[in-house]
Amino acid sequence: MTFGHAELAIGFRPVPVEFRDLRWAIAASQHRSLRQAADTLRIKQSTLSRCLRSLEHTLGSKLFERTNGGTRPTMEGQEFLKDARRVIGEAEAMTARLKTRSRGESGRLTIGIHTSLSAGNLRATLLEHRHRFPDVDRQFVDGASEHLISDLASSAIDVAVVAEPSPNWGGRSLLLWSERVVAALPANHPLTGRDVVHWGELRREPLLMSQRGPGPELFKLLISKLGFSDPCKLHRHDVGLDRLLSLVGVDWGILLALESATGAVYPGVTFREVHDAEGPTRLSFRVYWRQPNGNPLVRPFLDLLRERYPDLSTEPSAD
């Protein structure tokens, strides 16, 4: 720790004291011997002795009794050392907090999420981040992509992990992974007898659509696959994924979701992949952040993403 000043209240007046002097006085009291204390501090005994006498002169109080048997604190010295230990302890704790925060090891990181956390890459990434940085306070904000991007622009969140590119975002982004589109089916539905569901088989089925999370992206995908003229029975709801999956379980309709939603078990719900002529249908995910971002926790989070997905994370690392 670099030398600095602390102010100790002596009587009614604050007296500036070097942190070094506080440490050396504490060492002298611990060893009860100036020679042993000086050896521990790797300084000359004469240097330590002059420091303590100068400190006593500054404070106007005798801190140590010096005898042939050693050096012991006086009553005033014991009170002084009690305050000195408190000041040093608080300074070291503050320094440690600042260091861990500057390294991205503590503090608050607010993450916008766009998909379920019951399974998949985002869940695995967040678990690994918690393992590496246990002192980070992670707060999550859920919402549709346009809302999360708006929150990001206003600095309400630090990063956002959302599906599909956001054309309105002018900051930084990084390609991450893709997730397969799945259909959540009532357990007694005829389509559960198939290994996969094709888009054409969803025509004339009652489809539940969420206005939250990746719901808007899944709606765009549905239109691109079936066209505007197909008579889909759409039922839009402004509720979360868990509530819509509960409706699927009571035969309310079919829900389009992403594979990260398949980690949770809902009574009466069966998941099947949705395919087109080329195979599984996927939505890509990207992480978005501001540049610059004053939160030092953002960089370690992005570094973890680049480490976990090196084949995708090919963009420059400037944050």
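Arginine 42 lies in the loop between α2 and α3 (45-59). The model is predicted. Although arginine 42 is not a glycine, its phi is positive, at about 60°. Its relative accessibility is 78%, so arginine 42 counts as exposed.

A positive phi also occurs at arginine 32, a residue other than glycine, where the value is near 55°. Arginine 32 sits in the loop between α1 and α2. Its relative accessibility is 39%, so arginine 32 counts as partly exposed.

The packing of the two helices was examined next. Two packed helices are described by the angle between their axes and the distance between the axes. Helix α1 spans residues 19-31 and helix α2 spans residues 34-41. Their axes come within 8 Å and cross at roughly 130°. The helices are therefore oblique to each other. The crossing of α1 past α2 is right-handed. On the α1 side, the contact is made by Trp24, Ala27, Ala28 and His31. On the α2 side, Leu34, Gln36, Ala37, Thr40 and Leu41 take part. Of the residues in this contact, six are nonpolar and three are polar, while none is charged.

Serine 29 also belongs to helix α1. Its relative accessibility is 6%, and buried means under 20%, so serine 29 counts as buried. The side chain of serine 29 reaches the backbone oxygen of isoleucine 26 at 2.7 Å. Leaving aside residues up to four places away in sequence, serine 29 touches Phe64, Pro73, Leu81 and Arg85.

Technical notes:
Residues numbered from 1 in each chain as written. Predicted model: local features only at pLDDT ≥ 70, side-chain atom pairs only at ≥ 80, totals over all residues. Heavy atoms only, no water. Axes fitted to C-alpha atoms, helices over the stretch in contact; angles between N-to-C directions. Helix = DSSP H or I, 4+ residues; strand = E, 2+ residues; numbered from the N terminus. Parallel < 35°, antiparallel > 145°, perpendicular 65-115°, else oblique. Left-handed = near helix turned anticlockwise from the far one by under 90°. Contact = heavy atoms within 4.5 Å. Nonpolar A, V, L, I, M, F, W, Y, C, P; charged D, E, K, R; others polar. Buried < 20%, exposed > 50% of the residue type's maximum accessible area, 1.4 Å probe, protein only. Polar contact = N/O pair within 3.5 Å; in protein donor to acceptor, adjacent residues only side chain to side chain.
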